[in-house]
Protein chains: 2
Amino acid sequence: MSTITALDVSDIRFPTSTSLDGSDAMNLDPDYSAAYVRVVTDANDGHEGHGFVFTIGRGNDVQVAGIHALSHILVGRNLDELLDDMGATWRSLVWDSQLRWLGPEKGVMHMAIGAVVNALWDLKAKRAGLPLWQLLSRMSPEEIVDLVDFRYLTDALTRDEALDILRSAAPGRSERERELTADGYPAYTTTPGWLGYSDEKLVRLAKEAVADGFSMIKLKVGGDVDEDIRRVRLAREAVGPDIRIGVDANQRWGVDEAIEWVSRLAEFDVAWVEEPTNPDDILAHAAIARGIHPIPVATGEHMANRVMFKQFLQADALQVLQIDASRVAGVNENIAILLLAAKFGVPVCPHAGGVGLCEAVQHLSMFDFVAVSGSRDGRVIEFVDHLHEHFVTPVEMRDGRYHAPTAPGNGMEMLAASRAEYVFSESDYILSK
Amino acid sequence: MSTITALDVSDIRFPTSTSLDGSDAMNLDPDYSAAYVRVVTDANDGHEGHGFVFTIGRGNDVQVAGIHALSHILVGRNLDELLDDMGATWRSLVWDSQLRWLGPEKGVMHMAIGAVVNALWDLKAKRAGLPLWQLLSRMSPEEIVDLVDFRYLTDALTRDEALDILRSAAPGRSERERELTADGYPAYTTTPGWLGYSDEKLVRLAKEAVADGFSMIKLKVGGDVDEDIRRVRLAREAVGPDIRIGVDANQRWGVDEAIEWVSRLAEFDVAWVEEPTNPDDILAHAAIARGIHPIPVATGEHMANRVMFKQFLQADALQVLQIDASRVAGVNENIAILLLAAKFGVPVCPHAGGVGLCEAVQHLSMFDFVAVSGSRDGRVIEFVDHLHEHFVTPVEMRDGRYHAPTAPGNGMEMLAASRAEYVFSESDYILSK
């Protein structure tokens with residue numbers, strides 16, 4: 001019998017604030033960071049499970065403490081039992097009666113569970129010798145629904161409805177797997193659009209994005225409306241009429257302000273408006289969606305859990321659903337969200353960027369295409385060209401599309417040398433203040 | 001000039017799981033705990049600010065780490081500036097651009113901010129020589145609205161509307177302060193109702209509650225419907241027809257289940273149904289409220305922030321609003337919530353119990369009576385008779401009512417001896433497993 005012997009957790013921070021990469025209307029000076037966990041076992045098979053929570057700097061130590069707190073649930077447990085029934089494993093983490101008080105199912109503790117769940121899936125995929133998207137895509141519909149906790153979901157999606165969705169998609173799986181392997185999954189890029197960039201840099205990067213094959217770019221907005229109009233116009237002139245341009249307000253507005261502001265940007269043919277207001281505000285998003293129709297509202301990267309996603313869908317408060325690999329409680333909860341999106345017929349366009357989020361979330365979109373929604377239409381995965389060099393299997397972009405990964409695992413394993421170099425200590429912090 | 005010299009944080013846990021005090025359908029074995037903070041200054045005036053986050057055991061160390069992470073914002077800052085503009089102080093904590101990623105405004109980081117904000121209010125009240133409720137009640141309407149961050153609220157409550165509410169209540173303040181000092185604030189008790197208690201203990205404690213002057217008791221439900229019917233019937237027989245009986249499901253149900261279950265309890269004249277489902281599920285609460293009308297839905301103790309409270313009010317998803325002293329970001333955010341409740345005409349009946357929550361939250365209800373809603377009608381503060389002996393100024397109950405505290409501060413200061421005795425170390429934890 002093999003057991004989990006340790007959760008090895010580290011505080012890893014990249015000093016990105018020095019370059020203004022990643023700056024937007026709310027996040028002025030992010031230091032892209034990871035509360036990183038290695039699941040170590042005594043199986044002697046050469047495999048470890050890797051996962052992390054992405055944060056933007058300060059507080060990464062709190063996130064590390066959150067992951068540590070899960071050790072008592074996992075260390076010493078039978079590895080095969082844990083990996084064979086990942087639905088039960090997920091519930092044993094999410095329903096710990098004392099830890100649950102710290103959310104419930106939101107914030108630091110919930111994201112910590114996400115890191116550990118993702119690391120266990122990484123281990124399971126490595127042991128199976130498959131990339132995560134393929135491991136998931138080859139599970140039966142029954143095995144997949146067993147991963148999902150339907151408590152609090154059944155007023156929108158029952159287990160039987162989820163099974164129907166998966167069974168309907170089953171006949172086309174192998175054909176779509178071939179298509180995916182042949183031509184990848186479409187992406188869009190946020191690389192040109194950060195608020196801290198000069199006009200010259202914005203135009204240059206926008207043109208480069210088109211040359212690189214991207215069919216969509218995204219710009220940060222929400223600082224100053226006249227400035228935004230000017231920058232979106234510059235971008236539209238740079239890319240021409242056929243490239244889609246999304247805008248992202250990073251929670252900056254109230255309802256009236258969002259509707260007013262977006263109306264002034266509409267002439268530039270905006271593909272979507274992302275995070276117009278507070279991510280908890282379902283009713284405000286629904287009001288904004290009505291007010292800016294037919295421009296879609298996109299949101300999800302800060303949405304705490306499947307119960308919030310469910311309500312956004314029920315209220316028609318989003319028209320583009322943006323999952324994040326490390327905000328909710330890992331692969332299982334994201335599968336619940338993919339199934340909800342399929343039920344409501346809403347396209348999933350993941351949030352990525354940060355550090356390692358592209359590497360991680362591509363697996364979920366590819367699984368969605370092969371086994372859930374069965375479609376890539378109207379769907380794009382975010383891409384930002386930062387920090388990929390720190391990963392064991394960095395994403396491969398070809399002509400603006402994610403190439404389907406073939407390496408076993410979930411994509412989240414960071415190079416040991418990078419982990420060693422960027423491990424954080426209080427003395428770094430004092431120097432950086 | 002005085003400055004803050006340290007946030008001294010401790011992990012304090014009471015081994016309450018051994019007695020099943022505090023057991024309910026979701027929280028089977030709580031160890032009532034506090035992530036406790038002392039705000040220490042160099043003012044040499046003998047005053048410290050005390051505050052805490054209440055948790056139920058495991059993970060209290062994560063909450064301690066969350067409070068530690070706020071040191072960099074406060075230590076070294078000018079004390080008078082911080083205390084003179086508590087609105088700006090609150091924003092400097094909540095809007096830290098990097099820490100905000102860990103919520104935003106929910107879970108461990110947000111509750112950590114709550115502990116520190118409450119500790120600063122404790123310090124401010126002690127320096128003024130007033131109990132918190134009186135300090136707040138003597139502020140001008142303008143000073144009070146300056147404490148509130150109206151971002152994301154204005155679609156339900158504007159600053160001007162909040163000012164109108166406070167100005168309308170201003171003329172009666174001194175009269176109500178006299179009334180409050182004379183006859184206190186009504187309470188209800190959950191002491192009889194924990195799921196782990198025997199029938200004999202339930203009946204005995206219910207009768208004692210009536211003898212002690214309480215006009216309402218509350219029972220935990222949601223384990224088994226037939227068992228619940230039996231227990232609520234026993235309680236109703238024990239207390240007679242004139243005492244109100246609330247029931248609390250602690251998030252146990254889905255929508256249909258809640259409506260069905262409550263319909264079977266309705267014959268016992270249920271005063272309210274508390275936490276019928278997931279605390280994030282606004283739409284489900286609204287559906288349940290419609291389904292069990294005219295029995296009110298009560299919720300709030302697990303609600304993460306003012307944006308969630310706003311939506312519950314907008315959607316008529318609760319009819320009794322239960323603030324908690326340590327779940328949201330402290331006094332400032334609870335004032336925003338009291339103003340929202342006043343705007344919507346919904347009574348506030350705080351959650352309390354745990355450790356120190358009664359001591360803390362009474363100040364907010366008393367402030368609400370004197371300066372916001374101007375009413376005690378239909379309002380009761382929860383009371384549970386646990387662990388009060390550990391506080392410097394424990395609540396005083398007289399004939400089922402909270403006596404208005406007169407000691408300066410916010411009520412959260414725990415005796416130094418208790419803090420020393422119940423400070424937690426990993427070795428305690430290993431013993432308790």
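## Basis and confidence of the model

This is a predicted model, in which local features need pLDDT of at least 70 and side-chain atom pairs count only at pLDDT 80 or more, whereas totals for chains, interfaces and linings use all residues. Residues are numbered from 1 along each chain as its sequence is written, chains are lettered from A and ligands numbered from 1 in the order in which they are written, and side-chain values use heavy atoms, with hydrogens and water left out.

The pLDDT (the predictor's confidence in each residue, from 0 to 100) averages 95 in chain A, with 96% of the residues scoring at least 70. For the complex, the predictor gives an ipTM of 0.96 and a pTM of 0.97.

## An open sheet in chain B

In chain B, three strands form an open sheet with antiparallel pairing in the order S1-S2-S3; strands are DSSP runs (E, at least two residues), as are helices (H or I, at least four), numbered from the N terminus, and two strands pair if DSSP finds at least two bridges between them. Strand S1 (4-13) and strand S3 (49-55) of chain B each have a single partner strand and stand at the edges, so one side of each is left without a neighbour in the sheet. From one strand to the next, the twist averages 20 degrees.

S1(B) pairs with strand S2 (residues 33-41) of chain B over nine bridges in the antiparallel sense, and B:Asp8 has B:Arg38 in S2(B) as its bridge partner. Helix H1 (residues 60-68) of chain B lies across S1, S2 and S3 of chain B and runs at about 175 degrees to S1(B); axes are lines fitted to C-alpha atoms, for helices over the stretch in contact (heavy atoms within 4.5 Å), and angles run from 0 to 180 degrees between N-to-C directions.

## Helix packing in chain A

Helix H8 (residues 159-169) and helix H16 (residues 357-372) of chain A pack at an angle of about 80 degrees, with their axes 7 Å apart. That makes H8(A) roughly perpendicular to H16(A), a label for angles of 65 to 115 degrees. A:Ile165, A:Leu166 and A:Ala169 in H8(A) meet A:Val370, A:Ala371 and A:Val372 in H16(A).

How values were computed:
Parallel < 35°, antiparallel > 145°, perpendicular 65-115°, else oblique.
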